[in-house]
Amino acid sequence: MPSLSANFMTTTSMDESSDYRGHTGSELSVYSEQPGPYKSQVSIEVRSFEFINSEDKDGTRRAKSHAVKDFKRRQKAEGARFQRLRQSGKKKAIAANPLPNSGEGISYDQVRSSPPVILPSPTLALAGESSVDPFSHFPIQLNSSKDLGLIHHYHSTFIPKPFEIAQCDYSPFRKLIFDVVVKDPAAFLLVVSGAAEDIAVRSKKPVSQQAIIYRAKAMNMINSRMQSPSEFKSDGSISACVLLAGLELLHGSIESYETHMDGLCLIMKLRGGFQVVQKSNPLLAALAAWFDYTGSAGLIGKRRFEFTSCDPTTFSQSIRPPRFTPPLNVTYKTIPKNYTLYEDLMIILDGLENATQLAQEVPQDPEKLHKHTSFLKHIDDDLLRTLAFPAKTTNVFRRFLIEDSFRLAALIYLSGITHCLLDGVLNCDLFINHLHMKVLDASADWGHSIGMILRLLMGGGRVHSQENVYYVMQLMDLAVTMDWSAWKFVRDTLLDYLLHAEICSGVHQSLWLCRMDIVEE
C-alpha cells in the first residue's frame, strides 16, 4: 500500500474556516512516496491558531461552528479522493503507514526521523458508501451553524431561573429531556424552538422567526398524528405533548399548560395509564412526572401523577405533602431547596418563627440572632433581584410576583411585631386589626388562613406543625387559581402597605423608601 507523509512548513491548525483566509500563506504538502498512478501532491492552506476564551459564550459558539465547517471540509476531501481512486481503477482508500510487526524492533531515532503519519478520522467514512455524520442521530437534519448553535445553547446555557438563581446543577434534567426528545422529530423541534426563545428572552429581544418556524413545524407533525389512532397514542405524541407543557412553564400561561397536561393525561389513558408507559418507556414517564411536578412546584397547576413522588421524609426537615414532593427517578439532590413555592413559604415562615422568639427574649440568643441576620439578608437580596425584573405575563414572572409577595409579607410582619410587643408579649389582635384596614379581608378564605397562620406564629406555635401546614396548604390551593394579574395586584398592594402603613414604620420601611426612590412628605 502507498504511504502518506507530510512536510510541515509551519505550525499547523485544524481550523480551516473561511473566516481566517489570508491570515497566513503557509502550506501543508501531502504526497505519495510510491511511484505510479497514485503519486500526487496536494497543497492545503494552513492557518495559525486563534485563542478563544472558553468562558466567552460567543467564542464558544464560533469554535463549534469552526469544528462543524472543518468536518464538512474533510468529508468533502474524502469524497473527492475516493472519486479519484475510482477513476484510476482502485476502490480502496489510501492507507496510512503500516505498523511494524510485533516481533520487529523500532528505535527512537527511527521514530524521530520518520515523517508524521496522517491517519484518517475514525468518524469519517468514504463518501458515496457510508458517510458518518456526527449529528445524524438527531431526528431532524440540521443544515446550518445557527441550528447547531441552538443545540449548543441548550446544552451549555439553558437553565430555568430557579436553578440559575440558586446556582444548582440542572444538567441531570437537561440530559433527561434530551435523551427523550432525540427519539422524536416533533419533540426535538420543540427543544430547538425553546432554545431560540430562551436566547430571545435573555437578550431582551422579540421571539425570533426561527423559533416560530420550528414550533410551527412541530405543531404540524403533532396535528397530523392526531388523525391516526395508532400515532395519536405513540411515545412520540406523548413526548411532544410533554415538551409543549414544559415550554408553557417557561414562556407561556397557566391555561396553555393545563390544556397540554390534560391532553397528556388523555393520551396516557388511551395507552392504559401512566404505569403502562412507565413500564415500556421509563425515561418518557420520568420526564412527564418531572414537568408535572414542576407545574405543581410553581403553583401553576394541580399534580396529576402524585403517586410517582418519592419518600417525602428522606430529604426535608418536615413531611412535605405528596404534591410538592419530587418524583421518583430524578436526582432531587440538585433541586433548589425552595424550588416549590410551598417550601419557599415554609422557609420564610421558619425565619419568622425564629424572629418572633428573638423579639421576646432578653437577653437574645446569639445563635438565633445570627440566623435572623442571615434571614434578613436573603429576603433583601431576593427582593432587590426580582423587583428589578421587567413585568411579563409568563409563568416565570408570575412566580417572581409570588416570591415577592411572600417576602414583602415577611417584612410587614417583622415591622409589625416591633409595634405590637407590649411588656414582652405580642398583641396579635392589634396587628391583625391593622391589616384588616388595608390588606386583609377576614371574610375571604385566604384572609382566614392568613389570620390563623399569624395567630399561630405570634402565639409561639411551630411552623412545621400539622395545624400550620393545614392552613398553608389552603393558601397553596387558592394561589393556583390566581393568574398573573391577580398576583401583580397582591404584590403591588403589599409593597404599598410596607412603604406607607404606620404600623410598618421603622428600619425596613425607611430602607425600602430609599431603595424605591420615594420621598415622603
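## Aromatic pairs in the predicted model

Two rings of Phe, Tyr or Trp, the last represented by its six-membered ring, form a pair if their centres lie within 6.5 Å. By this criterion, ring pairs join Tyr154, Phe158, Phe163, Tyr170, Phe173, Phe178, Phe188, Trp290, Tyr293 and Tyr339 into a cluster. The model is a predicted one, and a search of the whole structure gives 18 aromatic pairs.

## The Phe173–Trp290 pair

Within the cluster named above, Phe173 and Trp290 have ring centres 4.1 Å apart and planes at 15°, so the pair is stacked. Planes under 30 degrees apart count as stacked. Phe173 belongs to helix α5 (residues 171-181) and Trp290 to helix α12 (residues 282-297), so this contact ties together parts that are 117 residues apart in sequence. Phe173 and Trp290 are both buried.

## The Phe324–Tyr342 pair

Phe324 and Tyr342 also form a stacked pair, because their planes lie at 5° and their ring centres are 5.1 Å apart. Phe324 is located in the loop between α12 and α13 (341-359), whereas Tyr342 is in helix α13; the pair therefore ties together parts that are 18 residues apart in sequence.

Phe324 counts as buried, at 0% relative accessibility. Tyr342 is buried as well, with a relative accessible area of 0%.

## Arginine over aromatic rings

Tyr339, a member of the cluster, has the charged end of Arg399 over its ring, 5.8 Å from the centre. Arg515 is placed over the face of Trp512, at 4.8 Å from the ring centre.

Notes. Residues numbered from 1 in each chain as written. Predicted model: local features only at pLDDT ≥ 70, side-chain atom pairs only at ≥ 80, totals over all residues. Heavy atoms only, no water. Phe/Tyr/Trp six-rings, centres within 6.5 Å; stacked < 30°, edge-to-face > 60°. Helix = DSSP H or I, 4+ residues; strand = E, 2+ residues; numbered from the N terminus. Buried < 20%, exposed > 50% of the residue type's maximum accessible area, 1.4 Å probe, protein only. Lys NZ or Arg CZ within 6 Å of the ring centre and 35° of its normal.
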